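Open the structure in your viewer and keep the selection tool at hand. This tour goes from one selection to the next and says what is there.

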Amino acid sequence: MMGPPGAGKGTQSKIVCNRLGIIQISTGDILRDSVKKETILGVKAKKFMDAGNLVSDEIVIGIIEERIQEDDCKGGFILDGFPRTTDQAKALDDILTKFGRKVDHVINFEVQNEALVERLLQRAKKEGRADDNIESISNRLKIFNEQTQPLINYYTKNGISNAVAGEGDIEEISNRVKNVIKA
Ligand code: AMP
């Protein structure tokens, strides 16, 4: 699941995972958990996350490589918020190839900037995420446009990228996702 912060990747990932009985892997959730537990990784990642910057490719690639080898991933998984750079996408292809697997679908949620900012500020009130403040939000949007958006071309070339309109109500969007995944 790809798309800018606030596009609904997490919400829609959970819906697909419940429907298909597969696993959601969110690098953001894994990192937030490490921050909460104050692990070495968490302490390192926190300052990048709070400012809305990306954590290093090396760290997130390592997280994914370990996580997808766990037993619960055997039946399939959704990657939520990974990859976010072309190097991460290439590393993901290498890792999956090593295990005889591949990316089946890429869903790219498209949402206007104003709607994203509004959603993230609403989420800040509900969840109190440290990075849902206006400075971090604008940085995350900028980083998305500069570093993650080019990945759409990477996956378009591979013929597996699908743009999905990410505005509307949750059910409406999940029906669009269902039409793409067709499972
Ligand atoms: P998210 O929950 O996906 O919005 O991620 C929250 C924060 O975690 C991001 O702003 C980054 O600081 C970090 N993060 C999550 N996934 C990645 C990734 N694939 N690459 C680098 N940083 C990431």
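A polar contact here is a pair of N or O atoms within 3.5 Å; within protein, one must be able to donate a hydrogen and the other to accept it. With that in mind, note that the model is a predicted one.

Start with Thr85. Select the loop between strand S2 (77-80) and helix H5 (86-98), where Thr85 is found. Is Thr85 buried or exposed? Thr85 counts as buried because its relative accessible area is 7%, and the cut-off for buried is under 20%.

Now show the side chain of Thr85. The side chain reaches the backbone nitrogen of Gln88 at 3.1 Å. The side chain of Thr85 also makes a polar contact with the side chain of Asp57, at 3.0 Å.

Next, select the ligand. Its space is the largest pocket. How many residues surround the ligand? There are 15, and the closest are Thr27, Arg32, Asn53, Arg84 and Gln88. By class, this shell has 6 nonpolar, 5 polar and 4 charged residues. Colour helix H2 (residues 27-37): the largest share of the shell, 4 residues, comes from this helix.

Then look at oxygen atoms of the ligand. A polar side-chain atom of Arg32 lies 2.9 Å from a ligand oxygen. At Arg129, an N or O atom in the side chain is 3.3 Å from an oxygen atom of the ligand. Last, show the surface: of the 480 Å² of accessible area that the ligand has on its own, the protein covers 96%.

Terms used
Residues numbered from 1 in each chain as written. Predicted model: local features only at pLDDT ≥ 70, side-chain atom pairs only at ≥ 80, totals over all residues. Heavy atoms only, no water. Near = heavy atom within 4 Å. Areas by Shrake-Rupley, 256 points an atom, 1.4 Å probe, with all protein chains shown as cover. 1 Å grid on protein atoms, 1.4 Å probe; cavity = no way out; pocket = protein on both sides within 12 Å on 5 of 7 lines; lining within 4 Å. Sits in = over half its atoms within 2 Å of the grid points. Helix = DSSP H or I, 4+ residues; strand = E, 2+ residues; numbered from the N terminus. Nonpolar A, V, L, I, M, F, W, Y, C, P; charged D, E, K, R; others polar. Buried < 20%, exposed > 50% of the residue type's maximum accessible area, 1.4 Å probe, protein only.
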